[in-house]
Amino acid sequence: MADKELTVFVVDLHPAAASSHDYLYEVLSGKLLKGLKTDYVSVVGYHSPLTKHELAEKKVFPGVNVLLNFETPSYEQLVRIRKELRVNDSWESSQSDSFQSFIFSLSLLEDTKTKAFTRNIVLLTSHESPLSSLTEQKADGIPNILKNLRVNMIVVVDGLEESSETYSQWALLKPSFAEFIIMSSKQARYTAQNVPPAKKVRPLPIYRGELRFGSDFFAVIEDRSYACEADDLALSWPVEVYPAAKKDVSSISFHDYILEDGRPIRLERKSSHYVWSKNEEYQRPEYPDEEDVDTKKFDKVEVESKDFTPGFKFSNFDLIALDDDLTESARLKIFSAFDILGFIKSESIPPAYLTSETFFVVPEKAATLRANLSHTILAKALLETESAALARFVRKQAKEVELGVLIPIKIKDGTKNSFNYLLVRLPFREDENIGNFPSLKEHKLDKIVPKLMEQFIESKTFTEQETKDSQSLHNHRVTMRTSQSSKLPLPNTSKEIFSTSSTSQVRFLNYVRKIIIRSLDEDDLDKFLQQKSLISNVLKSDLFASNFFNLRNCLSYSASSASFVDLSRRAKDTSRRLVDELDIKYVRKEDLKKKKPRKGGDTFDTKGYYGADEGEYDAVPDFGF
């Protein structure tokens, strides 16, 4: 179940604070897209013409209006908030100021005091808005109000300057909160649009068991009763294996719907399979007496999935079906295991083989001191000798055997280091693809071209400050605590350029949020979405802007990928000179038509996945079909 979180937005309706409201709508539209039932929101407006809250009858906190209290946001609620949360040009100085409204917002956290919640207060205001009630003495009394309640505070101030008195006043609250962030409305808008929330994902281990080193491998395979602890020449310790990095095939998915009487109905896709079956026409004589006889001899008959059976090709003419007994007898009798087979120098591992899914191998959480020492000492030794371990890995019983390489790695966590391993599956021979490389030829180039190429490479090379030790991993997403997790977009303080978020996904979600926010001011949502010029009217920021998902557009939407844009700029002049010297021209790639199998004599040549590289087949006999 997802972690529960409550975010209280305290919104200043002072005319000068209008720009700070953008952060509210960016965050709420993002929460609407996520649709998490455990992500609660409260919205409070102050300097409002209305006073609506539970303490209003006592005539306290004038001008404070509670629009939403402890609810998961919906589109209808966003529309209502947009209509009611308008700047108040006739605000009065007698109304609650920013600090007094903040004190009121703390009362909305009351329902979470005895529950496991992440609590956030987001205050949106302006440097021109009154803040006279915030003094150093009152700021020191905030911990007494919170009573050890862990709360995060984000303050967004329009027109904020770090040297201003407003910044100094709000900074007085910093010691009272678990995390305190103050930023300008401009920075907040950029953060909401370009920096996804740093959400901690609870990792699930794919393997829990022993990592064995020096065990009798033949006994491991043949004897299920083999115990590594009883082997004086072997060493073992409990480990856990977690996913580290993998290719995300599709990070954004959709469903298809049709509207019937205003109600959306989800469409389901289904595949149908057919075979050709002889019909009555096939049984007729070759020369029938009647004229104009239908010559169709086969019917298309649908086959249900339950009627399928697996099989394999035995010869050019035979396919053998696999029944349960044959399948069971052919299955390799294996069980989950993790064994180190030997060692190899890191430089001897071809980089092309390190392209599969990667896993972290760490000691078990309840491991003893001796087990932790065994794990750490081996990793340190491999690092010092610049070596890696070859391992046999079976994730689950009756699953495939994987050959992998255990690469030692030093994970930095603040001032401390943890020594662990990265497991990368190595390809077997049948996993390797056949390359189609051009023949090697000597090309005579002018002397200036190699020099230009060297300049091009140097201009594209990261500086020493940008590069990192390949044996060390310093990634806040790997070592972040649960308390650091948030569903709010916060400024990115990390400079890890090689662990960026998906820039195309950030750009796409920004477009969707932009459409949602613009639609809040429309009377007819369907008419707004169906307009012919939706992209031009809603998504394009100016006449010359492009909405294509090209490299420059995508990189510009990620704060952590700015270094890649800088590299592109550095090499611009050198790239142009290389193009001129090498006389490079843009050539459109022609569409390649599929080549049909070529018939030659009594043989058929085949090309493709099934039957590829099997050589020539005998001519297929006439089966009477």
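The model is predicted, so local features need pLDDT of at least 70 and side-chain atom pairs count only at pLDDT 80 or more, while totals for chains, interfaces and linings use all residues. Residues are numbered from 1 along each chain as its sequence is written, and side-chain values use heavy atoms, with hydrogens and water left out.

Searching the whole structure gives two cavities of 30 Å³ or more. A cavity here is a set of points, on a 1 Å grid over the protein atoms alone, where a 1.4 Å probe fits but cannot get out; lining residues have an atom within 4 Å of a point. Points are joined across faces, edges and corners, and the volume is the space filled by probe spheres set on them.

The largest cavity holds about 40 Å³. Its lining is Asn120, Asn152, Met153, Ile154, Glu179, Ile181, Ser486, Leu488 and Leu490. Two or more of these residues come from each of β5 (151–158) and β6 (179–184); strands are DSSP runs of E, at least two residues, numbered from the N terminus. β5 has the largest share, three residues. By class, there are five nonpolar, three polar and one charged. Nonpolar means Ala, Val, Leu, Ile, Met, Phe, Trp, Tyr, Cys and Pro; charged means Asp, Glu, Lys and Arg; the others, Gly among them, are polar.

Now the second largest cavity, also at about 40 Å³. Phe359, Phe393, Glu402, Leu403, Gly404, Leu423 and Arg425 line it. Here β18 (402–413) and β19 (416–425) are the elements giving two or more residues, and β18 gives the most, with three. The classes are four nonpolar, one polar and two charged.

Definitions and conventions: On a 1 Å grid over the protein atoms alone, a cavity is a set of points where a 1.4 Å probe fits but cannot get out, and a pocket is an open set with protein on both sides within 12 Å along at least five of seven lines; lining residues have an atom within 4 Å of a point. Helices (H or I, at least four residues) and strands (E, at least two) are DSSP runs, numbered from the N terminus.
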